[in-house]
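Q: Hey, I'm new to this one and would like a quick tour. Could you show me what we're looking at?

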Amino acid sequence: MSYSSDEDDKPLVFKRTSTADKLKHSSQQKAAPTVKQEKPSTKPAPKPKSDSEDSEDDKPLSARILTAPKGNSNHTKTGPPTSSSQRPKPPVKAKVKDEDSDDEKPLSSKITSKSSAGASINKHDDSDDDKPLSSRVKQNGSASRDNQIKKPSVGVNKRPPNEERSSGQSLVKKPKLSDSSTPINRKPAPAKPEADTDDENDHVPISQRIKNQTPSSSKSSSVKQKALKAKSSIFKKTNQKSKKVVKNSKYSKPSKVPPGSGEGQKWTSLSHNGVIFPPPYKPHGVKILYKGKPVELTPEQEEVATMFAVMLDTDYMTKPVFKENFWNDWRKILGRNHTIQNLEDCDFKPIYDWHQAEKEKKKQMSTEEKKALKEEKMKVEEKYMWAVVDGVKEKVGNFRVEPPGLFRGRGEHPKMGKLKTRIQPSDITINIGKGEPIPECPIPGQSWKEVRHDNTVTWLAYWNDPINGKDFKYVFLAASSALKGQSDKEKYEKARALKKHIEGIRKAYTRDFGNKDLTKRQVAVATYLIDKLALRAGNEKDDDEADTVGCCTLKVENCEPVPPNILKFDFLGKDSIRYQNEVEVELPVFKAIQQFRTGKKGSDDLFDKLDTSTLNAHLKELMPGLTAKVFRTYNASITLDDMLNKGMKGESVAENVVVYNQANKQVAIICNHQRSVSKTHGLQMTRLNEKIDELKALIEELETDLARAKKGKPPLKGSDGKAKRNLNPEAIRKKIDQTNAKIEKMERDKETKEDLKTIALGTSKINYLDPRITVAWCKRSEVPIEKIFNKSLLAKFAWSMDVDPSFRF
DNA sequence: GTGTATACTTAGTAATTATTTC
DNA sequence: GAAATAATTACTAAGTATACAC
């Protein structure tokens, strides 16, 4: 891209304060990244803004969020307890307008389909495109299937699992009313969509926006030209590498019935070999001790004891709920009159030691042995790894049935430690094309629970979760499959569509902060928080799940107003990851929150008139297909796009990768994507420091040598006492430079490592960042795409590889 | 209007594999 | 070539969203 002078020197919006400030750790608490951004010192006290102040609605979240001065955001897994009880609230059914019209083409049809090298990594030649589908079996993720998804002539029933079906005809269902095919030029929704170049036209005041760099639109043509030049060389390599990457020209074609939408037919033909089961339990005969004495166990009893024993070194052992649940399930298997009468007197150490020894043995195997073992496994599994969908060979994602074990719920899950029983073929429902051979049941004498032929769904098999009987575990195609790719693309197209509505939406909710109708006021504030803080929607949860919340389920105690206009958030979100943030908000929001809290207990719902159905129903009125989660995708992607195009440009590929990772990091912070600090982090840092010190000592030594060399004297003996080679001053200088460079690199590595120790970059890359932003930027910046996407991501995002270099989210 | 079933995406972490360092 | 470290993949839990029965 061209980095025009007006943008070159603009700093990134996100500046971190010191890592130490932001990431607090304790032995119990998992440190977290902050969601807070530094506030420009000139920022005046919040006040209702005039229209003219707002020109940034379309800007990425990073550019809009401002938090309170002391707003460190620590997110830990073991955060403060949220309210003890979360009574499920009845969801309100969304009223959905029928917006389904084909009047507009999806963006995909507008993007030039280039058959860049990336687009033609198919195993098969294009030449067979015109053959009947059934005769063309392509491998994994061929984009050429894109337009083969058929719109059903009749709506299809999506209800099923427990219903008997005589395949086919009972699949009739009413078509969904909402259209999620994400056209970008839809009919205007009530909140009027704005033109694409609406950056300056936003009159909705959202306080705490940092003055932002407007992504230049005028430069696009020159960008295009430069980028086009850059493109070919960079992408050839990529594409040759990943054979399974798909041909994109066809992918870009709009499909009439989007698979991801839950509507209509997903495939015409589907064949696969079912699932593979874990091997039966092999008893080891190692005895646990009960009151110090070895106890004989049956294989079944021993199996469950082993599940517990191998977890002796995990944190679960510190959780009474885990132990109690385990004991309750194990004692049933032991039987009433068993010698073992309580868990406290059991010593599982012998089995633990045995298991450690087994692990060690495995580790000590020679490379050849390991290889042979792997090959054997591959041989057995190969047939389960693939499915053929509409004539295209696609990878199956999770073809292995989950083995039995103890349930490892996250956070304070009430069911942790319960026995996850072994899944049998009779638990499994298979979904396969009509007329295709039914997968052979791999366990002799048993049979599948049911075989369906439902082409309105994408799952190949499912079974009921033994922990929560009403939940299902599905077997789906892999992320690299065309079906998944198509739905991924639609997700991003929907998020891009939001860009055109966001101004109106922000105006609308800002207007409603003071609405007399309490429900409307709550909807407005909730939407604001979802937009501004990228909060999740917050569905209702059952009592037998971990007590976590999202926006709609926030409790009074999770959001504390601190005058004049700061909100202190502290709650456990998905996966019991703590969200802790102090945010400066607009005064009307602040007042509304105060009002919502009035007269309530800490454990009461903050938004008592609201649930996700109400909220999403409202959002759908503003934009077809809009739901709460779209805001996360939108804000993540627009942030990346903005940051990558703000004028930051590295001199080298390596520097550009750093620029990208910085942007990626900001998105991860916005989305609160965390990881736990690795066990060896401290050690690694110590080692790095030691190495740096060593190199610094070396520099000193070299400086002395240099001084001596200049005088024609030989170098002194090294620190090891050995004599050193007599080098000329020039050679010594070179050595000093090299060493300094090494030190600099290590310092950088150290900083990055510390900086990212609790931030997970991968989650946003996989789920939230439109890959076309990345691909286009790589093309413009001459960064090989493999520097950003690994093999899996290249396969997953095959559909995005032929994007035009000028693509902007 | 409410409750639940269903199907799909998103998420952190454990296990495995590749690469680097000594 | 072994150990350390980094990167990747596998695994499965935990979310979101919506259709539909009652």
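This is a predicted model: local features need pLDDT of at least 70, side-chain atom pairs count only at pLDDT 80 or more; totals for chains, interfaces and linings use all residues.

Q: OK, where does H9 sit, and what span does it reach from its first C-alpha to its last?

A: H9 runs over residues 482-512 and reaches 42 Å from its first C-alpha to its last. That is close to the 45 Å expected at 1.5 Å a residue.

Q: Where is the kink in H9 centred?

A: On His501, and the kink there is about 55 degrees.

Q: Let's zoom out. How many helices and strands are there in chain A?

A: Chain A has 19 helices and 16 strands.

Q: And what percentage of chain A is buried?

A: Buried residues account for 52% of the 809 residues in chain A. As for the surface, the accessible area of chain A is about 37900 Å², and 51% of that belongs to carbon and sulfur atoms.

Q: What about contacts between residues at least 6 apart in sequence: what share in chain A join residues at least 24 apart?

A: That share is 76%.

Q: Now the inside. How many residues are in the largest nonpolar core, and which have the most contacts inside it?

A: The largest nonpolar core has 75 residues, and Leu529, Phe569, Phe607 and Phe789 have the most contacts inside it. Helix H13, residues 628-644, gives the largest share of this core, with 9 residues. The core also draws at least three residues from each of domain 1 (5-83 + 490-668) and domain 2 (681-800).

Q: What other core lies apart from it?

A: Another core, of 26 residues, lies apart from that one, and Tyr316, Met317, Ile351 and Leu419 are among its members.

Q: Back to Phe789. What is Phe789 in contact with, leaving aside neighbours within four places in sequence?

A: Phe789 is in contact with Tyr660, Lys765, Pro771, Thr774, Val775, Leu794, Phe797 and Met801. Some of those names come up again in helix H18, where the buried residues include Pro771, Thr774 and Val775.

Q: Is H18 largely enclosed or open, and why?

A: H18, residues 771-781, is largely enclosed by the rest of the structure, because 11 of its 11 residues are buried.

Q: What follows H18?

A: Glu782 does, and its phi is positive, near 55 degrees.

Q: You also listed Met801 as a contact of Phe789. Where is Met801 found?

A: Met801 is in the segment after helix H19 (791-796). Met801 counts as buried, because its relative accessibility is 1%. Met801 and Val775 are 26 residues apart in sequence, yet their C-alpha atoms are 6.3 Å apart in space.

Q: Switching topic: which peptide bond is cis?

A: The one from Pro563 to Pro564, with omega near 5 degrees. Pro564 is in the loop between strand E14 (559-562) and strand E15 (566-572).

Q: And what's going on with phi in Asp575 and Ser576?

A: Asp575 has a phi near 60 degrees, a positive value in a residue other than glycine. Ser576 also has a positive phi, near 60 degrees. Asp575 is in the loop between E15 and strand E16 (578-584), and Ser576 is in the loop between E15 and E16.

Q: Buried or exposed: how does Ser576 count? And how does Asp575 count?

A: Ser576 counts as buried because its relative accessibility is 2%. Asp575 counts as partly exposed, at 32% relative accessibility.

Q: Last stop, a couple of lysines. Where is Lys717, and is Lys717 buried or exposed?

A: Lys717 is in the loop between helix H15 (681-710) and helix H16 (729-755). Lys717 is exposed, with a relative accessible area of 61%.

Terms used
Residues are numbered from 1 along each chain as its sequence is written. Chains are lettered from A and ligands numbered from 1 in the order in which they are written. Side-chain values use heavy atoms; hydrogens and water are left out. A nonpolar core is a set of buried Ala, Val, Leu, Ile, Met, Phe, Trp, Tyr and Cys residues joined through side-chain atoms within 4.5 Å. Buried means under 20% relative accessible area, exposed over 50%, partly exposed in between (1.4 Å probe, protein chains only). Helices (H or I, at least four residues) and strands (E, at least two) are DSSP runs, numbered from the N terminus. Domain bounds come from an automatic or database domain assignment. Contact means heavy atoms within 4.5 Å. Accessible areas come from the Shrake-Rupley method with a 1.4 Å probe; for residues, only the protein chains shown count as cover. The expected span of a helix is 1.5 Å times one less than its number of residues. The bend at a residue is the angle between axes fitted to the seven residues ending there and the seven starting there.
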